[in-house]
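Here are a few exercises to work through with the structure open beside you. Try each task yourself before reading its solution.

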Amino acid sequence: MRCGFALVLSLAACNSAVHSPIGASTNTIVIAHRGFSYSAPEHTFAAYDQAIEAGADYIEQDVQRTSDGVLVVIHDATVDRTLRGDASACSGSVADHTLAQLKSCSAGRWFIETFPARARAEYATLRIPTLLEVLQRYKASSRFYIETKDPDRFPGIEREIVEMLRAEGLLQPVPDIAPRVYIQSFSETSLRRFKSLEASLPLIQLVPRVGSSALRGMLDGIRDYAFGIGPHMDDVDASLVSAVHTRCMVIHPYTAESRADIVSLAELDVDGLFTDRPDIARDLIGSPRNPLPRPDRCTVRANRFELVSKVASK
Ligand code: G3P
Ligand code: CA
């Protein structure tokens with residue numbers, strides 16, 4: 001997805017000064033990548049508050065586990081990039097620290113240091129959130145897009161997430177609206193564990209950059225267990241979107257930051273897109289519909305219903 005895509009709106013969008021709303025013609029949902037991570041430190045309450053304020057349909061969580069068994073929301077395997085404080089607590093592997101150690105670190109000072117023009121002084125006081133804190137704080141105001149990060153390093157993480165979602169009332173055994181939670185992973189094994197634990201969860205197979213053709217060749221296998229794919233945006237073209245939709249799956253590419261990329265993806269009729277700029281995406285795509293309809297490109301596209309019925313009939 002590059003500026004220059006041969007559509008008038010896309011070309012117009014290459015000029016960031018041009019306002020190019022796509023409007024009601026698209027069903028693309030806006031997924032705030034690590035929150036509004038352009039404007040606030042990723043995976044903090046500030047980033048999530050601002051994402052919701054900007055009109056994101058979903059907020060994303062990368063989930064790992066502390067040494068004392070708490071699910072926390074952080075992207076990197078190590079804390080060195082995004083936490084600041086005492087070296088014994090605020091450097092090294094996430095999995096080697098207790099929650100109390102991680103909570104002692106600032107989750108915002110790195111952003112102030114790296115992006116001073118976008119920073120706010122209060123970011124220095126931000127702390128790493130637990131997954132439970134995020135679910136409880138936002139379940140009345142947003143939807144969640146949860147990723148298991150390096151799940152083989154965290155045995156049992158899928159069961160813990162499912163049980164937490166159940167306890168928080170976020171499972172939808174008979175969904176009739178847009179999913180309140182999507183689950184994504186680069187790990188097929190992790191997604192298959194989710195499928196066996198809770199068949200109603202819509203699962204998204206993340207795929208590293210492999211090219212459109214290779215990805216099309218993977219779709220039938222992925223469809224066996226997943227509701228859709230999360231490809232690198234540079235792999236997305238019309239033939240891929242068509243192949244996904246023909247199989248009644250959804251496609252949620254990552255990660256669009258420019259107006260040109262957001263417009264190009266939406267015009268290709270992707271079902272959702274990850275963006276660090278939910279403000280721009282919302283502006284271009286148009287007002288959110290409330291409630292969001294469940295994906296309904298074709299009847300079978302709701303293949304999680306098939307999965308539910310398969311489990312129920314066992
Ligand atoms: O889920 C899309 C995207 O978040 C995957 O990449 O590295 O930002 O987790 P990453
Ligand atoms: Ca992610």
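**Exercise 1.** How many Å from an oxygen atom of ligand 1 does a polar side-chain atom of Arg34 lie?

*Solution.* Before we start, note that this is a predicted model, where local features need pLDDT of at least 70, side-chain atom pairs count only at pLDDT 80 or more, and totals for chains, interfaces and linings use all residues. Residues are numbered from 1 along each chain as its sequence is written, chains are lettered from A and ligands numbered from 1 in the order in which they are written, and side-chain values use heavy atoms, leaving out hydrogens and water.

Step 1: go to Arg34 and look for its polar side-chain atom; the distance to an oxygen atom of ligand 1 is 2.8 Å.

Step 2: For Glu147, the polar side-chain atom lies 3.2 Å from a ligand 1 oxygen.

Step 3: check how well ligand 1 is covered. On its own it exposes 290 Å², and the protein buries 89% of that (accessible areas come from the Shrake-Rupley method with a 1.4 Å probe).

**Exercise 2.** Which residues are around ligand 1, and how do they divide into nonpolar, polar and charged?

Step 1: sort them. The shell has three nonpolar, three polar and five charged residues. Here Ala, Val, Leu, Ile, Met, Phe, Trp, Tyr, Cys and Pro count as nonpolar, Asp, Glu, Lys and Arg as charged, and the others, Gly among them, as polar.

**Exercise 3.** What are the protein donors of the calcium ion (ligand 2)?

*Solution.* Step 1: look for donors, meaning N, O and S atoms within 2.8 Å of the metal (3.2 Å for Na, K and Ca). Glu60 (OE), Asp62 (OD) and Glu147 (OE) turn up, 2.1 to 2.4 Å from the calcium ion.

Step 1: read their spacing in sequence, which is E-x1-D-x84-E.

Step 2: ask about burial. Glu60 has a relative accessible area of 2%, so it is buried, and Asp62, at 1%, is buried as well. (Buried means under 20% relative accessible area, exposed over 50%, partly exposed in between, with a 1.4 Å probe and protein chains only.)

**Exercise 4.** Which cysteines does the disulfide join, and where do they sit?

*Solution.* Step 1: find cysteine sulfur atoms within 2.5 Å of each other. The structure holds one disulfide, joining Cys90 to Cys105 with 2.1 Å from S to S.

Step 1: Cys90 is in helix 3 (residues 87-90) and Cys105 in the loop between helix 4 (99-103) and helix 5 (109-114), so the bond ties together parts 15 residues apart in sequence. Helices (H or I, at least four residues) and strands (E, at least two) are DSSP runs, numbered from the N terminus.

Step 2: check handedness and burial. The S-S torsion is about -100 degrees, so this disulfide is left-handed. Both Cys90 and Cys105 are buried.

**Exercise 5.** What is the phi of Asp150, and where is Asp150 found?

*Solution.* Step 1: read the angle. Asp150 is not a glycine, yet its phi is positive, about 45 degrees.

Step 1: locate Asp150 in the loop between strand 4 (143-148) and helix 7 (157-167). With a relative accessible area of 42%, Asp150 is partly exposed.

Conventions:
Polar contact = N/O pair within 3.5 Å; in protein donor to acceptor, adjacent residues only side chain to side chain.
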